[in-house]
Amino acid sequence: MDRVRVRFAPSPTGGLHLGGVRTVLYNYLFAKHHGGDFILRIEDTDQKRFVEGAEEYIMKCLDWCGLEPDESPAKGGPYAPYRQSERKHYYYQYAQQLVDEGCAYYAFDTPEELEGMRSRFKTDSNPSPQYDHFTRMSMRNSLSLSQEEVQELLGKGTPHVIRLRMPQNTVVKLDDMIRGEVSFDTSLVDDKVLLKADGMPTYHLAVVVDDYLMKVTHAFRGEEWLPSAPVHILLWKYLGWEAEMPRWAHLPLILKPDGHGKLSKRDGERLGFPVFAMDWKDPKTGETTTGFKERGFLPEAFVNILAVLGWNDGTEQEVFTMEELIHKFSIDRVHKGGAKFDYEKAKWFNHQYIQQKSDAELAALVRPFITSHDVNPNADLLIKVVALIKERCHLLTDFWEQGNFFFVAPEHVDLSAIAGKWSPEKTAFFENWLDATDAIGEWKHDQIEAHFNEHLAQKGLKKGDVLLPLRIMLVGGKFGPGVFDIAELIGMDEMKERIRKVLTAL
RNA sequence: GCCGCGUUGGUCAAGGGGUUAAGACGCCUCCCUUUCACGGAGGAAUCACGGGUUCGAAUCCCGUACGUGGUACCA
């Protein structure tokens, strides 16, 4: 077999959603598993939907995920350029070849004429008439018009497209790596536009021409492309490249966790979880969509989550490093059915990866999520805090929620949790203890606790009476790690101040 | 409407003629913990339906239902 070459071909029209990342990931894993090349090609032929900055955004996401392409617009490669808008001449050339050979034809119909055809042929049993063998002869194209008319229209520079002439009564078979044999009746497929009036190719032409020219050996894409596979297969045939056609695999879709349909950007907002890899700000609308990165996910976890959403290695293992994924990935173990995305499980994965990180490593990753709250702890303190609270954190953002009281006094103190059972004896206990804390030799949690217990015994109070109040004083609520661990890290003065403040409030 | 694809607990899923139908997330109970988590031990919960084939079907075949995608000068 030739050297394996796989391409990912995003269109720069917006953020990179889960389905997109998973497609890149499977492309990447397959290529690397076989020691082949992973190519990134940009499909920017739709000028109406083109969004400034989207290409750079896609590259950043790939970089964050650790999916570096071997060939790309930025990096170049033997088959440059890698942007379809810069390859127009190829598409034109091959479209022309297809027309010359009678496999495609010019069509001069205006949008209004197309609309007219659709409403004319529309019936209850056929709500969306196609431009096909049934209707094409009633349209204005080089099949229905005389040669002279066509030459005249062409000569006048009349806007036109090139359409593929779909044969009638032919069965096109596809041997999909995931689904096995799938067949289509070409009579039911319409005459797809290959080259648009603006000279840009449609996806159909571009994907075939580029895959051929770039020597792609395996083509993976979302299941939504399956219905147009016969168009592409026929194109490979008509262009005379059938022997070099890549092997196809159509990946299952990622679905909404509730309800129905493909997961979309809106679902994230509605259900409260990200659907894009990284924050995406749409320059057209100014709208921002949050990403997994900014939501506090580790890239390793993010990649792992996507990898096992629709694939597993047949064992009970669920947590995989990138190296393991590359080693174990096989396309025929990819599921046929779509999978619903489960945010709770995603968080569980992230928790697993957080626990695996060293404290120092984690502290560096956590820092931006702390400084964003206008707090800038020294490295030593942050590492200690991270060590103390990491096991209760699922997201990097949790470190602030679980640990903010290490850096700043709690803003809200839940007095209601202790006020009901408060008594003058307790006030006296704390006041006395505050005066006695200087006797604590070394400011370490064990010593502090021992001193506290001793004092407790003298006053005849039970630990249960004052431990929770102490926690509320230091933390503000009923959560967090051991009280004396907290006391140690915030220091004696800060501890005293917090206790006094609450005592006054009571 | 037509065409394609799919369907194992709530979710991700293993299993592909004989299994007590794995495992994970979530949920519930208990333990640990004088907080909340983490962790540990248990538990509830599944082969879409109907026909075949077979001694035997979650597994193979046909049909139905449901879901999903496509049906654009979008990808």
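Tutor: Let me start with a term: two residues are in contact if their C-beta atoms, placed from the backbone, lie within 7 Å. With that rule, of the contacts in chain A between residues at least 6 apart in sequence, 73% join residues at least 24 apart. This is a predicted model, in which local features need pLDDT of at least 70 and side-chain atom pairs count only at pLDDT 80 or more, while totals for chains, interfaces and linings use all residues. Residues are numbered from 1 along each chain as its sequence is written, and chains are lettered from A and ligands numbered from 1 in the order in which they are written.

Student: How do you know how the radius of gyration of chain A stands against that of a compact globule?

Tutor: The radius is taken over C-alpha atoms, and the globule rule is 2.2 Å times the number of residues to the power 0.38. For 506 residues that rule gives a value near 23 Å, whereas chain A has 32 Å. The C-alpha trace, for its part, spans about 110 × 50 × 40 Å along its principal axes.

Student: How many helices and strands does chain A have?

Tutor: Helices (H or I, at least four residues) and strands (E, at least two) are DSSP runs, numbered from the N terminus, and chain A comes to 20 helices and 13 strands.

Student: What makes Arg22 buried?

Tutor: A residue is buried if 20 or more other C-beta atoms lie within 10 Å of its own, exposed if 12 or fewer, and partly exposed in between, with C-beta atoms placed from the backbone. Arg22, in helix 1 (residues 18–33), has 23 such neighbours and therefore counts as buried. Leaving aside neighbours within four places in sequence, Arg22 is in contact with Ile254, Leu306 and Leu309. The C-alpha atoms of Arg22 and Gly222 are separated by 9.6 Å, although these residues are 200 apart along the chain. Over the whole of chain A, 37% of the 506 residues count as buried.

Student: Why is Ala339 called partly exposed?

Tutor: Ala339 has 16 other C-beta atoms within 10 Å, so the count falls in the class in between. Ala339 is found in strand 13, and beyond its neighbours within four places in sequence it is in contact with Pro252, Ile254, Leu255, Leu309 and Gly310. By contrast, the C-alpha atoms of Ala339 and Lys496, 157 residues apart along the chain, are separated by 53 Å.

Student: Why do Asn169 and Asp374 count as exposed?

Tutor: Asn169 has 8 C-beta neighbours inside 10 Å and so counts as exposed, and Asp374 has 8 and is therefore exposed as well. Asn169 lies in the loop between strand 4 (161–164) and strand 5 (171–176) and has a positive phi of about 50 degrees although it is not a glycine. Asp374, in the loop between helix 12 (359–371) and helix 13 (379–389), has phi near 60 degrees, again a positive value in a residue other than glycine.

Student: What makes the peptide bond from Ala80 to Pro81 cis?

Tutor: Its omega is near 0 degrees. Pro81 lies in the loop between helix 2 (54–65) and helix 3 (88–100).

Student: How do you know which residues surround RNA strand B?

Tutor: A residue is near a strand if its C-beta atom, placed from the backbone, lies within 6 Å of it. By that rule 65 residues surround RNA strand B, the closest being His260, Gly337, Lys463, Gly464 and Lys478. Helix 18 (463–475) is one of the elements that each supply at least two residues of this surface, and with five residues its share is the largest. Ala, Val, Leu, Ile, Met, Phe, Trp, Tyr, Cys and Pro count as nonpolar, Asp, Glu, Lys and Arg as charged, and the others, Gly among them, as polar; the surface has 22 nonpolar, 20 polar and 23 charged residues.

Student: How is the packing of helix 18 and helix 19 described?

Tutor: Axes are lines fitted to C-alpha atoms, for helices over the stretch in contact, and angles run from 0 to 180 degrees between N-to-C directions. Helix 18 and helix 19 (residues 483–490) pack at about 35 degrees, with their axes 10 Å apart. The contact joins Leu467, Leu470, Arg471, Leu474 and Val475 of helix 18 to Val483, Ile486, Ala487 and Ile490 of helix 19, and by class it has eight nonpolar, no polar and one charged residues.
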